[in-house]
Amino acid sequence: MKSFLNVQDLGDLKLALAEAQEIKKERYKYVELGRNKTALLVFFNNSLRTRLSTQKAALNLGMNVIVLDVNAGAWKLETERGVIMDGDKSEHLLEAIPVMACYCDMIGIRSFAGLTDREYDYAETVYNQFVKYSGKPVFAMETATVHPLQAFADLITIEENAPSLTGRAGGESLPKVVLTWAPHPKSLPQAVPNSFAEWMNAADVDFVITHPEGYELDPKFVGNARVEYDQKKAFEGADFIYAKNWSCPGVTRPQDYGKILHDYHTMTHWTVDAEHMSWTNNAKFMHCLPVRRNMIVTDDVIEAPTSLVIPEAANREISATVVLKRILQSL
Ligand code: AN0
Ligand code: CP
């Protein structure tokens with residue numbers, strides 16, 4: 001695997017899920033594979049889970065790891081070509097990338113969304129520059145539009161917690177998974193919901209997306225998912241509630257890209273609380289974290305035994321181990 005951005009990069013999803021379980025049982029099984037190989041992890045913004053779980057995955061595989069926080073200690077990087085560099089940025093990404101590539105065998109990128117220029121973000125400009133100019137395998141650690149290591153970990157978690165297919169009422173066989181928008185005071189990227197939608201569409205689940213009007217995700221990620229604007233209707237019969245805030249994807253009104261469309265104080269009826277969960281089929285609650293309590297989800301819902309937020313985070317080590325293992329095997 002030379003690049004990890006989309007669900008297709010893993011090939012057969014069932015095989016990848018089986019591999020995840022194999023690694024979970026014996027996570028040092030491939031510790032010889034990464035001997036004398038180095039992973040470079042480049043962060044353009046903050047991270048707790050991705051930073052730790054990806055390093056742990058590399059260590060599971062016997063690799064060395066170097067972490068670079070571009071905004072803390074490195075030269076400030078210009079990312080756009082053609083700019084006269086007379087501002088505060090001392091170095092251009094077009095030199096920095098081949099230099100970074102000299103010191104490693106693969107590169108993980110957290111490039112994050114700028115949320116001002118839709119075309120720039122949705123073209124995955126920064127990620128693709130790493131692919132083009134590093135000559136090394138590159139994997140996404142949340143880029144401008146996708147977060148596949150998270151979506152893979154979420155799918156592993158859903159598979160582990162899906163209700164027994166035989167015990168379901170009404171002859172329904174697929175677990176119902178609902179992605180719900182929830183309020184947040186700051187503009188957030190669409191990477192997590194985009195990837196979650198993409199991966200759920202590729203999995204054996206009944207998938208529904210619910211959000212206020214104006215927050216329509218890019219059609220290439222929505223695929224054939226059902227979109228239901230009535231949150232209560234969407235929640236009915238759900239087995240998994242996956243909450244996440246995202247800013248306006250700018251699908252219908254490109255000028256609104258990255259914006260918060262309504263004052264969050266007026267949107268608190270979208271916050272996932274016990275009443276919302278009572279509409280479901282005793283659903284499990286999911287969120288990628290970090291989460292703002294009593295904004296996205298109430299204390300009681302996130303603390304309930306039905307909350308999967310910690311197992312999801314734990315599975316980030318597993319998803320990353322599978323991905324880095326596949327990359328090592330392709331070197
Ligand atoms: C980020 C986001 O919404 O994309 C990272 C989530 C994994 N969240 C925040 O910036 C709070
Ligand atoms: N879920 C996730 O990617 O968290 P971090 O931003 O802390 O890495």
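Start by selecting ligand 2: both domain 1 (3-146 + 316-330) and domain 2 (150-312) contribute residues to its shell, so ligand 2 lies between them. The domain bounds come from an automatic or database domain assignment. Before you go on, keep in mind that this is a predicted model, in which local features need pLDDT of at least 70, side-chain atom pairs count only at pLDDT 80 or more, and totals for chains, interfaces and linings use all residues. Residues are numbered from 1 along each chain as its sequence is written, chains are lettered from A and ligands numbered from 1 in the order in which they are written, and side-chain values use heavy atoms, with hydrogens and water left out.

**Stop one: ligand 2**

Now show the residues around ligand 2: Ser47, Leu48, Arg49, Thr50, Arg110, His147, Gln150, Cys288, Leu289 and Arg316. Each has a heavy atom within 4 Å of the ligand. By class, this shell holds three nonpolar, four polar and three charged residues; here Ala, Val, Leu, Ile, Met, Phe, Trp, Tyr, Cys and Pro count as nonpolar, Asp, Glu, Lys and Arg as charged, and the others, Gly among them, as polar.

You will find one 2.7 Å from an N or O atom in the side chain of Ser47, and one 2.8 Å from a polar side-chain atom of Arg49. For Arg110, the distance from a side-chain N or O atom to an oxygen atom of ligand 2 is 2.9 Å. Taken alone, ligand 2 exposes 260 Å², and the protein buries 94% of that (Shrake-Rupley method, 1.4 Å probe).

**Stop two: ligand 1**

Next, select ligand 1 and its surroundings: Phe112, Glu142, His147, Leu188, Pro189, Lys244, Cys288, Leu289 and Pro290. Six of these shell residues are nonpolar, one is polar and two are charged. Zoom in on Glu142, where a polar side-chain atom sits 2.6 Å from an oxygen atom of ligand 1. For Lys244 the corresponding distance to a ligand 1 oxygen is 2.7 Å. On its own, ligand 1 has 330 Å² of accessible area, and the protein covers 83% of this.

**Stop three: the domain interface**

Finally, colour the two domains separately. Their C-alpha centres are 26 Å apart, and 31 residues of domain 1 are in contact with 32 residues of domain 2 (heavy atoms within 4.5 Å). Between them the domains bury about 2500 Å², 60% of it on carbon and sulfur atoms; this is the accessible area (1.4 Å probe) that two parts lose on being put together, summed over both. Highlight Leu115, Arg118 and Tyr122, which supply 28% of the area that domain 1 buries against domain 2, more than any other three residues.

Three salt bridges cross this interface (a side-chain nitrogen of Lys or Arg within 4 Å of a carboxyl oxygen of Asp or Glu). To end the tour, select Asp204 and Lys14, whose side chains form a salt bridge at 3.0 Å, N to O.

Definitions and conventions: Polar contact = N/O pair within 3.5 Å; in protein donor to acceptor, adjacent residues only side chain to side chain.
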